[in-house]
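User: Could you walk me through reading a helix and its charged contacts in a model like this one?

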Amino acid sequence: MASYYFLLFVLVAATTLSEAYAKKRLSADFYSTSCPELLPIVNKGVIRAIKNETRIGDSLLRLHFYDCFVNGCDASIMLDDTTSFIGEKTAADSNNSARGFNVIHDIKAMVEKSCFLAWEEGILPTTASRADANNIIPAPFLNLSPLRTKFSNKGLSVKDLVPLSRTKC
């Protein structure tokens with residue numbers, strides 16, 4: 001069970017970081033000096049969310065999947081639509097299916113309250129795209145052959161496909 005919580009922590013933390021930032025800076029002890037409370041805060045937030053609703057762990061995993069499957073793990077799934085921007089959150093396969101946004105927001109708020117996290121200039125912007133999400137995320141009606149192809153195109157195996165293919169979380 002502890003490894004399950006750790007996996008969820010990693011997924012939540014990765015969702016809040018941009019891909020460029022993560023590639024450049026993410027390491028096991030990156031925040032050990034600037035924010036030593038980070039790991040306990042995220043862990044506590046995930047555990048609290050799971051105690052409140054046991055299915056949320058699966059939902060956080062699926063949320064991370066939706067984010068990473070479309071143009072990389074850049075937290076673009078977290079962006080709300082505006083009058084000048086339409087993102088991935090309301091794409092056909094994530095709208096009314098992806099959930100757990102409130103857990104990510106709550107944990108992020110707890111981290112920001114306890115730690116000063118300086119973001120470097122020059123971080124690449126997110127690449128949110130509803131069109132890409134509609135075309136890339138495997139639709140719930142696909143049979144095994146096209147599912148395997150979509151997952152293979154992302155470097156994922158049938159073992160990855162089984163827990164990540166469409167289930168109601």
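User: Happy to start. What should I keep in mind about the model and its numbering?

Analyst: This is a predicted model, where local features need pLDDT of at least 70, side-chain atom pairs count only at pLDDT 80 or more, and totals for chains, interfaces and linings use all residues. Residues are numbered from 1 along each chain as its sequence is written, and side-chain values use heavy atoms, with hydrogens and water left out.

User: How do I check the length of helix H5 against what it should span?

Analyst: Helices here are DSSP runs (H or I, at least four residues), numbered from the N terminus. The expected span is 1.5 Å times one less than the number of residues. For the 14 residues of H5 (residues 101–114) that gives 20 Å, and the end C-alpha atoms are 20 Å apart, so the two agree.

User: Which residues of H5 are buried?

Analyst: Buried means under 20% relative accessible area, exposed over 50%, and partly exposed in between (1.4 Å probe, protein chains only). In H5 the buried residues are Phe-101, Val-103, Ile-104, Ile-107 and Val-111. They cover an arc of only 160° around the axis, so they sit on the same side of H5; the arc is taken from the directions from the helix axis to the C-beta atoms.

User: Now the charges. How many salt bridges are there?

Analyst: Side chains of opposite charge can pair when their charged atoms come close. The rule asks for a side-chain nitrogen of Lys or Arg within 4 Å of a carboxyl oxygen of Asp or Glu, and the count comes to five.

User: Where in the chain are Glu-53 and Arg-99?

Analyst: Glu-53 and Arg-99 form a salt bridge at 2.3 Å, N to O. The pair links distant parts of the chain, 46 residues apart: Glu-53 is in the loop between helix H3 (38–52) and helix H4 (56–69), and Arg-99 in the loop between H4 and H5. Glu-53 is partly exposed at 27%, and Arg-99 is partly exposed at 24%.

User: Which residues do shared partners join into one network?

Analyst: Glu-53, Arg-55 and Arg-99 are joined that way, through salt bridges that share partners.

How values were computed:
Helix = DSSP H or I, 4+ residues; strand = E, 2+ residues; numbered from the N terminus.
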